[in-house]
4 protein chains.
Amino acid sequence: MLLKMIKSEGIAHLSYILVDGAEAAVIDPRRDYDVYVELAEAEGARIRHIFETHRNEDYVIGSLDLARRTGATIHHGQAMDFAYGEPVTDGDSFEIGSLQLCVLETPGHTLESISLVIVDRSTGETPVGVFTGDALFVGDVGRTDFFPDRAREVAGMLYDSIFEKILPLGDQAILYPAHGAGSVCGDNMASREFSTLGHERLHNPALQHTERDDFIEYKLAEHHNQPAYFRRMEEYNKKGAPPMPVLPVAPPLSPDDVEAARDAGALLVDLRSPEAIAGASIPGSLAIPLDMLSAYAGYLIDYDYDLVFIPEEITDVSIAVRHLIRMGYDRFAGYLKGGLHAWEVSGRAYEQIPAVHAGDLDARLKQHEEFILLDVRKAVEFKTQRVSGAQHIFLGELQDRLDEIEKGKPIITFCGSGVRAIIAASILKRHGFEHVENSLGSMEACEKIGCSLEKG
Amino acid sequence: MLLKMIKSEGIAHLSYILVDGAEAAVIDPRRDYDVYVELAEAEGARIRHIFETHRNEDYVIGSLDLARRTGATIHHGQAMDFAYGEPVTDGDSFEIGSLQLCVLETPGHTLESISLVIVDRSTGETPVGVFTGDALFVGDVGRTDFFPDRAREVAGMLYDSIFEKILPLGDQAILYPAHGAGSVCGDNMASREFSTLGHERLHNPALQHTERDDFIEYKLAEHHNQPAYFRRMEEYNKKGAPPMPVLPVAPPLSPDDVEAARDAGALLVDLRSPEAIAGASIPGSLAIPLDMLSAYAGYLIDYDYDLVFIPEEITDVSIAVRHLIRMGYDRFAGYLKGGLHAWEVSGRAYEQIPAVHAGDLDARLKQHEEFILLDVRKAVEFKTQRVSGAQHIFLGELQDRLDEIEKGKPIITFCGSGVRAIIAASILKRHGFEHVENSLGSMEACEKIGCSLEKG
Amino acid sequence: MLLKMIKSEGIAHLSYILVDGAEAAVIDPRRDYDVYVELAEAEGARIRHIFETHRNEDYVIGSLDLARRTGATIHHGQAMDFAYGEPVTDGDSFEIGSLQLCVLETPGHTLESISLVIVDRSTGETPVGVFTGDALFVGDVGRTDFFPDRAREVAGMLYDSIFEKILPLGDQAILYPAHGAGSVCGDNMASREFSTLGHERLHNPALQHTERDDFIEYKLAEHHNQPAYFRRMEEYNKKGAPPMPVLPVAPPLSPDDVEAARDAGALLVDLRSPEAIAGASIPGSLAIPLDMLSAYAGYLIDYDYDLVFIPEEITDVSIAVRHLIRMGYDRFAGYLKGGLHAWEVSGRAYEQIPAVHAGDLDARLKQHEEFILLDVRKAVEFKTQRVSGAQHIFLGELQDRLDEIEKGKPIITFCGSGVRAIIAASILKRHGFEHVENSLGSMEACEKIGCSLEKG
Amino acid sequence: MLLKMIKSEGIAHLSYILVDGAEAAVIDPRRDYDVYVELAEAEGARIRHIFETHRNEDYVIGSLDLARRTGATIHHGQAMDFAYGEPVTDGDSFEIGSLQLCVLETPGHTLESISLVIVDRSTGETPVGVFTGDALFVGDVGRTDFFPDRAREVAGMLYDSIFEKILPLGDQAILYPAHGAGSVCGDNMASREFSTLGHERLHNPALQHTERDDFIEYKLAEHHNQPAYFRRMEEYNKKGAPPMPVLPVAPPLSPDDVEAARDAGALLVDLRSPEAIAGASIPGSLAIPLDMLSAYAGYLIDYDYDLVFIPEEITDVSIAVRHLIRMGYDRFAGYLKGGLHAWEVSGRAYEQIPAVHAGDLDARLKQHEEFILLDVRKAVEFKTQRVSGAQHIFLGELQDRLDEIEKGKPIITFCGSGVRAIIAASILKRHGFEHVENSLGSMEACEKIGCSLEKG
């Protein structure tokens, strides 16, 4: 028997394969589905069932491609009309070797959300664990902001799903959620990836709101951002995404090729570290360090661009491609072979972004130097603590709100630690702002050295 | 945060590495410790602590080598006087990043057994999980037969450890035991490797004996075998095993080399499948199919032999070496390059062992053909169900009880499915028995075709 | 710069990838083309050109799939009318970074055969190496038996290609042929995989026939077998094989499934070792040990069968699939999960094939025991040396010549070392011969112990 | 038969393993010798012989550790008195399976240099290939500057070795040298890693000096640098280096740890890209981008430092350790976990180095802006082509010649493409120079945009 979590870094998506004997089931497969096929093959099992806990909005689900490859049947909740797969309903159950997977409809995050209860009949009927999708996480619960006009109703649904259906499975049930820390699907998920219903019942902050109305108010007070790409994901995951039997390969490009592509309208995406971007970058490129790609591509990259990557290492390219095809991007024009070094030795001009450390920033603030400190963190972060006088525009919205920034003034971009700030700096430079500096270290560093901060 | 189980096949030993931030702890490391070093390195962590849940008797613990390599501190229970490491006691606790590992003395299986409770203070004081060593498994509890003259006392200790200390940690705590299904440390472990205290409390057969006296009687009624190698393991694990910074390499040998080694007293260990052994094998070799090596080497192979392997694939050799060094063997003279094929084309003689399928066996039994059906399963298996008239000698004791077998009569060896039977057949042939056949399929096949069987 | 040989075991096919800077070329890609894509990706190169040295007859070429995946252009000799790709002619040349690949038409093995000369202009015009396809090998030259009615003409063509075009490139040129030892495309290839034109000129046995007529006579005297599958390969490679973007997966089957498949007409292919097959096998299965699969599947397996594998290890299955899709097979019904052990414990009957070692065989021959010694080696092997009185039928023709074997007599199958003999034994048993034994060791063993042998 | 080249990036060292049947030989093993053990194990061979073509001066040879692990015998030329191994002399030969390795004494580069001729007796006596050590490379010959007072004599020896002993082996012999492009052991090696004696005879620039005196003059006119670490290598390789059974592990450090280590005298080695170093770096660190580590560590890092790495990726650390232990370094204090980002968010100050692209540099030169253009390339590069007015100090000597640089003036560091320039910039900043800029792109970029350059 094998129960393995497959984690997709970046979107912090957790999928699972459950194998017993010669049979396997996959829960919420990602689009680059090769990992499940390989695991099943190594175990000598055939993937019989694919379950979608809900119509995901933050990545392209790989069910259709995986089903084409394996002949498995796809199952999802009956409360939505999918263009493929089989609807399941409360009480349906499926056998995977000696295990049972029992369906529990658990709406709230979406209407057709389901949970899947693992029962090992060979030892007893008590649930061993439960796949909760986006209903319940380690340290948080699912967002309920996808139906703004039914906000109260769906928050109540989630309460019922969790308190009436999931928690009654018992403290002993192990929790297998669809996301971990870092996901856009929740703000408070724990970095610990193992927990039980019992532990969550006692310590999950959201579950301390045990009264239905209290829980609903708590959920209504939350604020979540919706990246632009969510709409495409919803469409893909309802109708089925275009087939992708093998991963695309982004070819190497020379500096000439890259310049030509840029001139023809391609978007240059710089995947390197904030420090490297600060040190030298191609004019007109959009900086999104690889670690941030999954989190911000959906806000900042339109699907209509051909994409050209500027990588640090050649291996970054295939990681970027994997991350982006999971979000439905598929126009990969190539990457700059040799990285920025190749651009530099071609004799072309490059730019540098001055980096401002916390001590420097503090001194300039105290001297009342005139500049805009542009804080691009999420609203909730800014609200909690901020440098006095900072202007706030959330990074995901920056491209659309550039006219809110006073022209001509020097700008220092600022965020939690300096990474989102470099993205912001690159956006500003792409749009003609000239005096742009970046605070590597940002809030974390300011806290450490004791800058004066406003709170609450 | 990372909590990863490392499974050593064969002995079904489960060790763990727990990483948070730049710190790591290892629980019950095996002797080929490279896996922990590599995992810690990949996570950017330093192994600070090594915990031994108890002085293991079924494998050589790798604490000392791992500590030498990493500078970590070794901890074990204070109730035994180890020649190395630091004693810990109830209530001691250790920090691994933001996690806490709290010591619980849980004697019974051995006197100095400890459990280690995982607390994640960032979410709450309730235990998230517990490393239970050989106190509590998924589906079973630890054996308590190591102190025959204090049998009742130690069974009671185990009761107290489980019912007074471990189960009170709460149903929500995830169970991380030191062994899984297939271990010699318990007969009833489940193949499912994930469970919680809550699930075990409800369904673990041993834990249904909730009355102390009842539990003690249940434990006293158990029968366990003690392979000969346990004594050496105990000695090694108390004093510290010889250092082994890198794994030994068994060199390739020609048929001439193998013959010379055999004539000089080396033991030829045939690692191939039962079918291949049945088809052709080297006279005088001891057959132990690779899958069975960990389970039966400790019974059947004396430490004083130089070992020569007869592998199916070249990769079998390093697996065999890994398995055997975990049990303290270290005299690897080499392996027959090219496998049995090389022996055959050298012009040397080989032997064949006739294979008897269930239908054939059934017919011969019904015709009252005269032969000894030698059943080599464990006593408890034989007691549960057997072919009428079969003679029983447990495989682990066969080499010492050959004189109980009537000379001159044909013998058919028999076990659960035919694998242990081929080992038995090879032992018999090594010791001069001539008419030896082997029942590939054995009891499983007999059940399937409805042979007449005695039960209970 | 990278020049890497990719060897396909079994058919001993050698393909190559040549990379310089951001450009790559592939010579004679196999059907499972993933290896070239991965190598090019790791080097940061784009595969621009695919060369087919000739229309291969012993495997499915992967040009079309590889071109679809990479956008590369396919090139082959102009002397045949392919349904895809671009014809090239003497003197065409292609740049791969700073290297040049120059086309040399080198007919003989086939009419459209080409060689590709590697020139590194940065150091000088002298050829550094040459891809010779099936014109010239290490230790042999290409077969010229594909145009029986033009035999003398094509042998002469090959002479001209080698002596007038290839050897004049100079002793210093490194030789990169399309096959190595073990290929059906030549009998005398060396196990050494590195050589130069100079070394071959001096030592290649075929090249010692420096007179044109002498060379032609030498070639005409050769005898080669043509496996049945050659015809399909020719068709596929002329028209383009069916697309195969990802490798097929053979699913696990239970003994019930396997029996049902066999009863429905599927062919059970036993991939295990000769010893394991001798020990126990499924009635009606065709034994082809995995190492022999590429060499004999094309003779013995019809394309119309659904195939069910009986593997030793689970990893054997994907190797078998890889090998067979290279030969155009694509009907993989699955494999017996758990191998023969699963069949045995299901209670089903199995068979055993007695194994006869050389000493035993010798004794039985000397006692004039009555049996047919069926030698299934190639004609040239049999002609060179044989056991007196042996009957010869080449293994590749055995299925079609069973009526040449006297019915009712015991048979001992015999070959070079015992592997082909077990295949022959399994064929005989499938076709109702009852008293079949197999000589594991066969000729090699007979030589070693000094059996009396006829020669010449 | 297997002949595999193992390339050690950085020092461009080429070692080889030659396997036939169950025997293997290794030529010039590196210190991290695991690769040879694993290859031999996978082939089923035992390493019997280790050959050192000469007492290497640019890396620690791994013969002793490899011999300890495998029991192999070490061989080297008789003309030097090694503290270990067996001396060999002209005409000695060794069998590896069916191959022969024949010793040829080929002094010149060093006095005890040997070559090893590969003969495959199964095909003929003509040499198939030759391991030439540092006597003959692809595109160059060995340096002969290690005996300054016998310069003419040893250059003559090399002539005799190549023209009298190696080239007479025949054009057909494949060349297997001990170094490839990028090595400090020659300036003109080709990036192509395959060649033959025939090709070199015709095109190797050094071999065009076919007259002995002419060749000697050619060699005497060469200029080579000798990194400081050569002395330690010579000592280690003559006496045997300290044993190293397993690779050291550099542990993770926090910014506090790193600061404390630096304050206690440790050297911080920044392994990141030039751009990242330009963007932000730790004051006092020495920048050596990972790709340059093997080439410049030996010049710039004293053996007495504890080393702390500043990596881009965690995987850089073990690569750095591998590269440095090959050069005899063994004091690895750790690495900054989380890279420079961790330092930034700790609130500590960091530095930025302005980057000057070619267009900018050209403009500033034309405006006669006052600055020192410090060119740190090798003398031969500077002599060939330079920016007018540039000051030249070779990077390897910069730390010792800082007093040649005028104080107080702005400096722009300059090299071939900008990588060595960033190392130079970091050295200057470490030593108190304040106005330091760096020309990313440097000479390559200047050429591309047509800066005015002096030549010859």
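The structure, a predicted model, holds 16 cavities of 30 Å³ or more, a cavity being a set of points on a 1 Å grid over the protein atoms alone where a 1.4 Å probe fits but cannot get out. The largest cavity has a volume of about 90 Å³, where volume is the space filled by probe spheres set on the points. Its lining, meaning residues with an atom within 4 Å of a point, consists of Arg143(B), Val184(B), Asp187(B), His223(B), His224(B), Asn225(B), Tyr299(B), Lys378(B), Ala379(B) and Val380(B). These divide into four nonpolar, three polar and three charged residues, with Ala, Val, Leu, Ile, Met, Phe, Trp, Tyr, Cys and Pro counted as nonpolar, Asp, Glu, Lys and Arg as charged, and the others, Gly among them, as polar. The largest cavity lies between domain 1 (2-239) and domain 3 (358-455) of chain B, because both give residues to its lining.

In chain A, the domain assignment gives domain 1 (2-239), domain 2 (252-345) and domain 3 (358-455), such bounds coming from an automatic or database assignment. The centres of domain 1 and domain 2 of chain A, taken over C-alpha atoms, are separated by 33 Å. Their contact (heavy atoms within 4.5 Å) takes 18 residues from domain 1 of chain A and eleven residues from domain 2 of chain A.

Helix α12 of chain A spans residues 358-366, and Ala358(A), Leu361(A), Asp362(A) and Arg364(A) in this helix are buried, that is, under 20% relative accessible area with a 1.4 Å probe and protein chains only. They cover an arc of only 165 degrees around the axis, so they lie on the same side of α12(A); the arc is that of the directions from the helix axis to the C-beta atoms. The buried residues of α12(A) pack against β17 (372-375), β20 (411-414), β21 (436-438) and α15 (442-449) of chain A. Helices (H or I, at least four residues) and strands (E, at least two) are DSSP runs, numbered from the N terminus. After α12(A) comes His368(A), whose phi is positive, near 55 degrees.

In chain C, Ile11(C) is found in the loop between β1 (2-8) and β2 (13-20), and counts as buried because its relative accessibility is 6%. Leaving aside residues up to four places away in sequence, Ile11(C) touches Asp58(C), Tyr59(C), His179(C), Ser183(C) and Ser294(C). Of these, Tyr59(C) is 48 residues from Ile11(C) in sequence and 7.9 Å away in space, C-alpha to C-alpha.

Residues are numbered from 1 along each chain as its sequence is written, while chains are lettered from A and ligands numbered from 1 in the order in which they are written. In this predicted model, local features need pLDDT of at least 70, side-chain atom pairs count only at pLDDT 80 or more, and totals for chains, interfaces and linings use all residues, while side-chain values use heavy atoms, with hydrogens and water left out.

Note on methods
Buried < 20%, exposed > 50% of the residue type's maximum accessible area, 1.4 Å probe, protein only. 1 Å grid on protein atoms, 1.4 Å probe; cavity = no way out; pocket = protein on both sides within 12 Å on 5 of 7 lines; lining within 4 Å.
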